[in-house]
Amino acid sequence: MREGIVPAPVPVSDGGKNLPVSLADDELQLLAEIATGVTTDVAARRLELSARTLRRRLRAICDQLGVNTPIEAVVWAARKQLI
């Protein structure tokens with residue numbers, strides 16, 4: 001991740017509150033990798049992360065977006081045309 005780069009906020013609907021959510025470039029890259037259909041182990045290797053770190057980051061992204069699964073996070077990003 002490059003220092004000093006701040007991604008633009010992307011609003012997400014969360015029951016009418018419409019709080020802005022922004023995902024960093026590395027988070028979008030992670031979602032794009034998962035969207036290809038590879039396993040978390042393969043995605044982790046491609047992103048030069050441990051599988052545990054990848055799963056932890058996926059969970060953090062899901063929590064940030066207010067979704068339950070990584071697939072929902074991928075769908076959210078695809079609908080926003082971020083990946």
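View 1. The model shown here is a predicted one, and it holds four helices and two strands. Of the 83 residues of the protein, 28% count as buried. Among the contacts in the protein with a separation of 6 or more, 39% are made by residues 24 or more positions apart. The protein exposes about 5600 Å², and carbon and sulfur atoms supply 51% of that area.

**View 2. Helix H3 runs through residues 51–65 and has one buried face.** With its 15 residues, H3 reaches 21 Å from its first C-alpha to its last, which is close to the 21 Å expected at 1.5 Å a residue. The buried residues of this helix are Leu54, Leu58, Ile61, Cys62 and Leu65. Seen down the axis of H3, these buried residues fall within an arc of 100°, and therefore they line one face of the helix. On the other side of H3, the residues Arg52, Arg56 and Asp63 are exposed.

**View 3. The surroundings of H3 include a strand and several helices.** The buried residues of H3 pack against strand E2 (20–21), and they also pack against helix H1 (25–35), helix H2 (40–46) and helix H4 (70–79). After H3 comes glycine 66, a residue whose phi is positive, near 75°.

View 4. The side chain of glutamate 33 makes a polar contact with the side chain of arginine 46, at 2.6 Å.

View 5. In H4, the residues Ala73, Val74, Trp76 and Ala77 are buried. These four cover an arc of only 160° around the axis, which puts them on the same side of H4. H4 is followed by glutamine 81, whose phi is positive, near 55°.

Terms used:
Residues are numbered from 1 along each chain as its sequence is written. This is a predicted model: local features need pLDDT of at least 70, side-chain atom pairs count only at pLDDT 80 or more; totals for chains, interfaces and linings use all residues. Side-chain values use heavy atoms; hydrogens and water are left out. The expected span of a helix is 1.5 Å times one less than its number of residues. Buried means under 20% relative accessible area, exposed over 50%, partly exposed in between (1.4 Å probe, protein chains only). The arc is that of the directions from the helix axis to the C-beta atoms. Contact means heavy atoms within 4.5 Å. A polar contact is a pair of N or O atoms within 3.5 Å; within protein, one must be able to donate a hydrogen and the other to accept it, and residues adjacent in sequence count only if both atoms are side-chain atoms. Accessible areas come from the Shrake-Rupley method with a 1.4 Å probe; for residues, only the protein chains shown count as cover.
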